[in-house]
Amino acid sequence: MDSHPADKNQFPDEDSSHVAKAVLIRNSHVLLLKSEDGRWDLPGGHLKRGEGSVPALSREVFEETGLSIDTSQLKQINGSTGTTRFYMGTYPHDDIVLSHEHAGHEFVSLQDIPELEGLDDTYKQMIMKCDNMLSGVNENKRRKIKITLG
């Protein structure tokens, strides 16, 4: 796999304590990564010292999945916790190239998230916030269409 442009920068190779995670949704499915111990994870990881959250997230998603995400479309999710920031975005295609860090991946229906075993409760909350945000956007689009056509 090619390297990510962020790998060519001048940041030290030392991780900071800050983490950025991506809730990547398309067609009512969220991309989850499976760890070696069987737990589900969101794409993302530690920022390098001096690195911004969004560039770090782009780098980490690429390293873990081979996906180049459109960072201009990322939205920070309110309720980020402690040293972890969560962002909502989409994935451009289903062709995932996993790194050695994960044992598998799955595109999980948003309906199945509340009952999914092995997914951290905080991650569930952030995913459901995204689902609610998307539901609100879709409802607003329907209202605009009704007004326009009515």
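The exercises below work through side-chain contacts in a predicted model.

**Exercise 1. Classify the aromatic pair formed by phenylalanine 86 and tyrosine 123, and state which elements it joins.**

Step 1. The structure contains two aromatic pairs.

Step 2. For phenylalanine 86 and tyrosine 123, the ring centres are 5.8 Å apart and the planes stand at 75°, so this pair is edge-to-face. The cut-offs used are centres within 6.5 Å and, for edge-to-face, planes over 60 degrees apart.

Step 3. Strand β6 (residues 84-89) holds phenylalanine 86 and helix α2 (residues 121-149) holds tyrosine 123, so the pair ties together parts that are 37 residues apart in sequence.

Step 4. Phenylalanine 86 and tyrosine 123 are both buried.

**Exercise 2. Describe the largest nonpolar core: which residues have the most contacts inside it, and which element gives the most to it?**

Step 1. This core has 18 residues. Val23, Val30, Leu32, Ile113, Leu119 and Ile127 are those with the most contacts inside it.

Step 2. Two or more residues come from each of β1 (15-26), β2 (29-34), β6 and α2. The most come from α2, which gives four residues.

Step 3. Take valine 30 as one example. With neighbours within four places in sequence set aside, valine 30 has contacts that include Val23, Leu24, Ile25, Phe107, Ile113 and Ile127. Glu106 is also among the contacts of valine 30.

Step 4. Another core, of 15 residues, lies apart from the largest one; Val61, Leu67, Ile69 and Ile96 are among its residues.

**Exercise 3. Find the salt-bridge partner of aspartate 94, and say whether each residue of the pair is buried, partly exposed or exposed.**

Step 1. The structure has seven salt bridges. In one of them aspartate 94 pairs with arginine 26, with the closest N and O atoms 2.5 Å apart.

Step 2. Aspartate 94 sits in the loop between β6 and β7 (104-109), while arginine 26 is in strand β1, so the pair ties together parts that are 68 residues apart in sequence.

Step 3. The relative accessible area of aspartate 94 is 40%, so aspartate 94 is partly exposed. At 23%, arginine 26 also counts as partly exposed. Buried would require under 20%, and exposed over 50%.

**Exercise 4. Trace the salt-bridge network that contains arginine 59.**

Step 1. The residues linked in this network are Glu51, Arg59, Glu60 and Glu63.

Step 2. Arginine 59 forms a salt bridge with glutamate 51, at 2.8 Å between the closest N and O atoms. Arginine 59 also meets glutamate 63 in a salt bridge, at 3.4 Å from N to O.

Step 3. Helix α1 (residues 53-65) contains both arginine 59 and glutamate 63, which are four residues apart, about one turn of the helix.

Step 4. Arginine 59 is buried, at 2% relative accessible area, and glutamate 51 is buried at 7%. Glutamate 63, at 25%, counts as partly exposed.

**Exercise 5. Locate lysine 21 and identify the side chain with which its own side chain makes a polar contact.**

Step 1. Lysine 21 lies in strand β1.

Step 2. Its relative accessible area is 6%, so lysine 21 is buried.

Step 3. The polar contact of the lysine 21 side chain is with the side chain of aspartate 41, at 2.9 Å.

Step 4. Not counting residues up to four places away in sequence, lysine 21 touches residues including Asp41, Leu42, Pro43, Leu57 and Tyr87. Phe86 and Tyr123 are also touched by lysine 21; these two form the edge-to-face pair of Exercise 1.

Key: Residues numbered from 1 in each chain as written. Predicted model: local features only at pLDDT ≥ 70, side-chain atom pairs only at ≥ 80, totals over all residues. Heavy atoms only, no water. Phe/Tyr/Trp six-rings, centres within 6.5 Å; stacked < 30°, edge-to-face > 60°. Buried < 20%, exposed > 50% of the residue type's maximum accessible area, 1.4 Å probe, protein only. Core = buried A, V, L, I, M, F, W, Y, C linked by side-chain atoms within 4.5 Å. Contact = heavy atoms within 4.5 Å. Salt bridge = Lys/Arg side-chain N within 4 Å of Asp/Glu carboxyl O. Polar contact = N/O pair within 3.5 Å; in protein donor to acceptor, adjacent residues only side chain to side chain.
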